[in-house]
Amino acid sequence: MEYILSILFIFLQSFLVIFAVLMMAYLGIYGERKLWAAVQLRRGPNIVGPFGLLQPVADFLKLLLKEPIIPDKANKIIFIMAPLVTCFVALSAWAVVPFAENWVVADINVGILYIFAISSLGVYGIILGGWASNSKYPFMGAMRSAAQMVSYEVSIGFVIITVLLCVGSLNLTDIVLAQKKIWFFIPLFPMFIIFFVSALAETNRPPFDLPEAEAELVAGYQVEYSSSFFLLYFLGELAATFLMCAMITILFLGGWLPPFDIYPLNVIPGVVWFMLKVAFIFFMFGMVKALVPRYRYDQLMRLGWKVFLPISLFWVVLTASVLFIFDLAP
Amino acid sequence: MFASILFFIFSFLILASALLVITSKNPVNSVIFLIFSFFNAAGIFLIAGAEFLALIMLIVYVGAVAVLFLFVVMMLDLNFEELNKKTNFVKTGIITTGILITEMIVLFVYYPEEQSFIINKNNELNSLTNTEMIGSKIYTEHFYHFQIAGLILLVAMIGAIVLTLRHRDNVRRQDISSQVSRDQEKNVELKDITFEESE
């Protein structure tokens with residue numbers, strides 16, 4: 001009985017987390033559109049609901065009610081499976097994210113590896129969708145995306161190793177608690193920048209949105225997708241983007257910790273700080289999209305392999321050496 | 001009880017998907033089933049309490065190796081009629097499997113103490129987590145083996161680069177630094193033009 005109750009409890013927690021992520025995606029897409037509009041001196045969504053707040057709901061309903069079109073020559077099973085994989089992978093990674101102290105569904109002691117593993121699976125949704133569409137542009141987009149995501153995972157891995165050297169644990173809660181003295185973005189600032197840029201590339205966000213580059217590939221791997229399948233891709237991408245924001249928050253910005261451990265700041269609950277930081281990183285992602293033009297593909301690969309990889313490898317060695325020489329290793 | 005049921009489910013799925021890897025006609029389906037069997041292998045590692053190995057399995061095999069497999073297989077120019085012809089690998093297959101099974105039997109019969117995968121509970125390493133245990137085993141106790149493995153990998157990597165790197169002349173290459181260092185003064189020339197008045 002107790003066993004069943006505990007399983008039910010986990011289910012409840014998971015639903016809460018998924019609800020929270022979907023709410024984040026809802027507010028995120030609205031906020032992002034308003035932000036881009038403000039940058040370009042437009043008004044943005046302002047018709048549906050007060051201040052256009054119901055615009056994402058209207059878009060959601062519209063996409064749900066459209067007819068799903070499956071191309072005739074497509075590999076139907078894989079075609080339908082691919083967006084499900086993207087969405088499933090992006091949502092399941094949230095199981096280990098600590099929103100505040102002890103606010104986590106599964107507090108496993110290899111949490112960061114779990115997120116890294118799950119987010120590296122995100123590429124399958126794209127590559128399978130692009131292949132199963134049986135069409136040129138989706139296939140090109142899928143190929144680009146596979147090469148891009150695999151390349152940037154390497155530097156993300158090294159950045160994570162650098163942080164882990166300073167923490168001495170793979171548990172996400174331990175990583176946050178290790179930042180009580182100083183948030184890691186101060187001592188590891190170059191790694192913070194590399195992680196931020198790699199996160200953009202890993203989630204196919206602009207300026208690295210080459211898998212769906214409208215100018216060359218129409219919409220890349222999403223060309224043949226319509227209605228709820230497109231919606232699933234869309235949601236999966238947003239959830240993956242927020243996951244990257246949460247990872248930056250946990251690894252570099254001290255998770256749920258307040259900036260200073262003094263009276264008016266430390267009574268605010270941790271989850272508020274966590275959400276504020278995630279929102280801030282998401283705002284930065286949005287600003288990058290608004291301000292930076294798209295990269296050329298060869299420049300993207302060069303940046304990943306010839307710039308980020310050597311720098312991050314060097315920083316791993318440097319961090320390990322400094323920790324060893326000054327006896328700071330945990 | 002629950003763990004053993006899971007073990008049988010996972011191992012059944014591994015075997016079934018492994019069978020489908022070699023029987024499915026479309027190589028892309030083969031790779032997808034291969035990925036599925038990697039997943040279940042990770043599941044078995046999880047049941048055995050080796051969560052670090054399970055996730056490394058996911059990261060390395062599923063996240064990197066299988067992606068590149070899929071990448072290559074999708075680019076193949078396939079001729080399905082050729083694929084449907086019967087292949088002659090049965091003899092080779094039987095011989096290889098026979099050797100493998102003999103090796104396993106020999107291993108299990110003559111070295112029975114090696115077959116226990118359960119770690120001795122009195123081991124002092126058990127106070128550490130899985131990850132720390134692997135670290136201390138590899139990087140402290142078996143340091144030289146680790147270095148040799150690294151060297152072998154380095155040789156393999158250099159070999160792969162040497163095999164594929166061909167320097168061709170007459171190829172236009174991009175010089176990134178000159179592209180980046182372009183500026184207005186060097187590349188834009190302003191000229192005064194006098195327009196002739198047309199009639």
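Which residue follows helix 5 of chain A, and is its phi positive or negative? I found Gly168(A) there, with a positive phi near 85 degrees.

**Ground rules**

I am working with a predicted model, where local features need pLDDT of at least 70, side-chain atom pairs count only at pLDDT 80 or more, and totals for chains, interfaces and linings use all residues. Residues are numbered from 1 along each chain as its sequence is written, and chains are lettered from A and ligands numbered from 1 in the order in which they are written.

**Helix 5 of chain A**

I checked the length of this helix, residues 136–167. Its 32 residues should span 46 Å at 1.5 Å a residue, and the end C-alpha atoms are 46 Å apart, which agrees. The expected span is 1.5 Å times one less than the number of residues. I then looked at burial, where buried means 20 or more other C-beta atoms within 10 Å of the residue's own, exposed means 12 or fewer, and partly exposed is in between, with C-beta atoms placed from the backbone. Helix 5 of chain A is mostly covered, with 26 of its 32 residues buried.

**Helix 7 of chain A**

I ran the same kind of length check on residues 189–202: the 14 residues should span 20 Å at 1.5 Å a residue, and the end C-alpha atoms are 20 Å apart, in agreement. Among the buried residues of helix 7 of chain A I noted Met191(A), Phe192(A), Phe195(A) and Glu202(A). Their cover includes helix 4, helix 5, helix 9, helix 11 (270–291) and helix 12 (297–325) of chain A. After helix 7 of chain A comes Asn204(A), with a positive phi near 55 degrees.

**Two partners of helix 9 of chain A**

I fitted axes as lines to C-alpha atoms, for helices over the stretch in contact, with angles from 0 to 180 degrees between N-to-C directions. Angles under 35 degrees count as roughly parallel, over 145 as roughly antiparallel, 65 to 115 as roughly perpendicular and the rest as oblique.

Helix 4 (residues 111–132) and helix 9 (residues 227–252) of chain A pack at about 155 degrees, axes 12 Å apart, and are therefore roughly antiparallel. For contacts I used C-beta atoms, placed from the backbone, within 7 Å. On helix 4 of chain A I listed Ile115(A), Ser119(A), Gly122(A) and Gly125(A), which meet Gly236(A), Ala240(A), Leu243(A) and Met247(A) of helix 9 of chain A. These divide into 4 nonpolar, 4 polar and no charged. Here Ala, Val, Leu, Ile, Met, Phe, Trp, Tyr, Cys and Pro are nonpolar, Asp, Glu, Lys and Arg charged, and the others, Gly among them, polar.

Helix 3 (residues 76–92) of chain A packs on helix 9 of chain A at about 25 degrees, axes 8 Å apart, which makes the two roughly parallel. The residues of this contact divide into 12 nonpolar, 2 polar and no charged.

**Chain B**

I counted 9 helices and 0 strands in chain B. Of its 199 residues, 12% count as buried. Finally, 17 residues of chain B are in contact with 18 residues of chain A. Helix 3 (residues 51–75) of chain B gives the largest share of that side, 12 residues.

Conventions. Two residues are in contact if their C-beta atoms, placed from the backbone, lie within 7 Å. Helices (H or I, at least four residues) and strands (E, at least two) are DSSP runs, numbered from the N terminus.
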